[in-house]
Amino acid sequence: MNRPSHFSLAARVLAAALTTLFGLAAPLLAAGGFSPGDMVRLTRSETLMLQGKNFVPAPKGQDFSVLQVDNAQGLVYVSYHKDDGSVVAPTLPAEALQPSPADPWLDLLRGVESFRDQRYDDSKRLLARAAEDQQYKALATALAGRITGALAVAQQARSGAPAARQAFTTTFQGLRDTAEQLTKLGFLCLALPLDEGADRLGALVLGLAVPAGQKPAPAALASLAPSKLNRDDLTKRVNVSNVMTARARQSVALHKLVEASKLLNEGLKAEPARPDLKALDAKVEKDIDEADQRYKAADEMRRHFKGTVHALTAIEMGLKVCTDHKKLRDLRQEMSAAFEERTSPPITPEFLATAKVGTPAQVLEEGRNLYTKRCAECHDLELVDSRTVSSWQKAISGMAGRAHVNEAQQARMLDYLTAALVVVDATK
């Protein structure tokens, strides 16, 4: 899960620009074994870099669509949608990425898009893989048959033989009809690239020179069946559903579920039957409901004698599910003093007496300052007792690069957290 659905037009243009900028030829696109269009997943927490600067944090498990690969630098340029809907191409280290698990709907979608982009071998491969899933077997098989048949007839028609040209005209009509049927079924994001792919295949057969990234003019295809789709309306709606899908998945990866829910609603208005939007929307609503239940439990617990500890735990668990849950955040703010005692207890004489460690107070204070400032730049502080000492050591080490913390500073943070864990445990 947590993957962007596929390239939007802006992303494809950006990928072409990157190819021109770096002069990367296809044989060089081998860092990590990835190629443009692949879906990749982070194997650890990382920071997306944009123009040499920290851009946004990305958690382990987040998925991205590959735009370009710089083999010499070992970097992968990925598609990232900003809040205004524009697409940028930040980088991630190739060694921190692995192929995303296969997704039958995504294979189906990318298979049709590959046909549009004239990557015909990829189209056949992806549609064949999608057909292995029972839910999409019938649809993927039908589309694969249409596309494979059209490609075979197109190859013959390029010879210019009248009979072959006539056969292609008939097959081309079938592509137009299929695109129309997909629209009626509500699969707009399949219908549009199929129809556009038909245009480009028709231009190829007719020997028309169409610049990369551009569409053949309708007048140039006058000898073939015209599109049955309202292209302007369809393009607007598919662009909205594509962007909302990508942005919603980014929000879900960061557990910003309220934000994701709003984005999904926009996407579903544009394309109500889109399967990945519907599935993600159902999951988001389920998780928001879980966060709601955590809030209700925390609100109830804090009213009881000695219920503060349990309330704080419920709040933290709820915010781990949904970081932008307003009621949970408001309740956390209301209980901020109690949270400080459990997330970053200050260095006081009482703290030192309870911790009983030999580490000097000034070292513990330095560790606390590093912990509260560097870690809080990317996320809320966790309850100290939510991890063991070894787990804290692993977490600090894993986030050190993103937080720009050296080994000595890591040691001071761990000294503080080790002492704080003793103090927090003693107050339960």
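I take contact to mean heavy atoms within 4.5 Å. I work with a predicted model, in which local features need pLDDT of at least 70, side-chain atom pairs count only at pLDDT 80 or more, and totals for chains, interfaces and linings use all residues. Residues are numbered from 1 along each chain as its sequence is written, and side-chain values use heavy atoms, with hydrogens and water left out.

**Entry 1: F168 and its surroundings**

I first looked up what F168 touches, leaving aside its neighbours within four places in sequence. I found F168 in contact with A150, V153, A154, A157, L201, G202, V205 and L224. I then noted that F168 and F172 are both buried, where buried means under 20% relative accessible area, exposed over 50% and partly exposed in between (1.4 Å probe, protein chains only).

**Entry 2: The nonpolar cores**

I define a nonpolar core as a set of buried Ala, Val, Leu, Ile, Met, Phe, Trp, Tyr and Cys residues joined through side-chain atoms within 4.5 Å. In soluble globular proteins, nonpolar side chains tend to be buried together. The largest such core here has 41 residues, and F168 is among those with the most contacts inside it, as are W105, L108, F115, L190, L194 and L201. Which helices each supply at least two residues of this core? I list α2, α3, α4, α5, α6 (188-206) and α7; helices (H or I, at least four residues) and strands (E, at least two) are DSSP runs, numbered from the N terminus. Helix α6 gives the most to this core, with 10 residues. I also recorded a second, separate core of 28 residues, which includes V252, A291, A314 and M335.

**Entry 3: Aromatic pairs**

I searched the whole structure and found 8 aromatic pairs. Rings of Phe, Tyr and Trp (its six-membered ring) pair if their centres lie within 6.5 Å; planes under 30 degrees apart count as stacked, over 60 as edge-to-face and the rest as tilted. W105 and Y136 have ring centres 5.7 Å apart and planes at 45°, so I class this pair as tilted. Because W105 lies in helix α2 (residues 104-116) and Y136 in the loop between α3 (120-130) and α4 (137-157), the pair ties together parts that are 31 residues apart in sequence. Both W105 and Y136 are buried. F168 and F172 form another tilted pair, with 5.8 Å centre to centre and 50° between the planes. These two Phe residues are 4 residues apart in helix α5 (residues 162-185), and so about one helical turn separates them.

**Entry 4: Charges over rings**

A charge sits over a ring if NZ of Lys or CZ of Arg is within 6 Å of the ring centre and within 35 degrees of the ring normal. I found the charged end of R332 over the ring of F339, 4.2 Å from its centre. R387 lies over the face of W392, at 5.4 Å from the ring centre.

**Entry 5: Positive phi values**

Where is H255 found? I located H255 in the loop between α7 (231-253) and α8 (257-270). H255 is not a glycine, yet has a positive phi of about 65°. Its relative accessibility is 37%, so I count H255 as partly exposed. K356, also not a glycine, has a positive phi of about 55° and lies in the loop between α13 (349-355) and α14 (361-374). With 73% relative accessibility, K356 counts as exposed.
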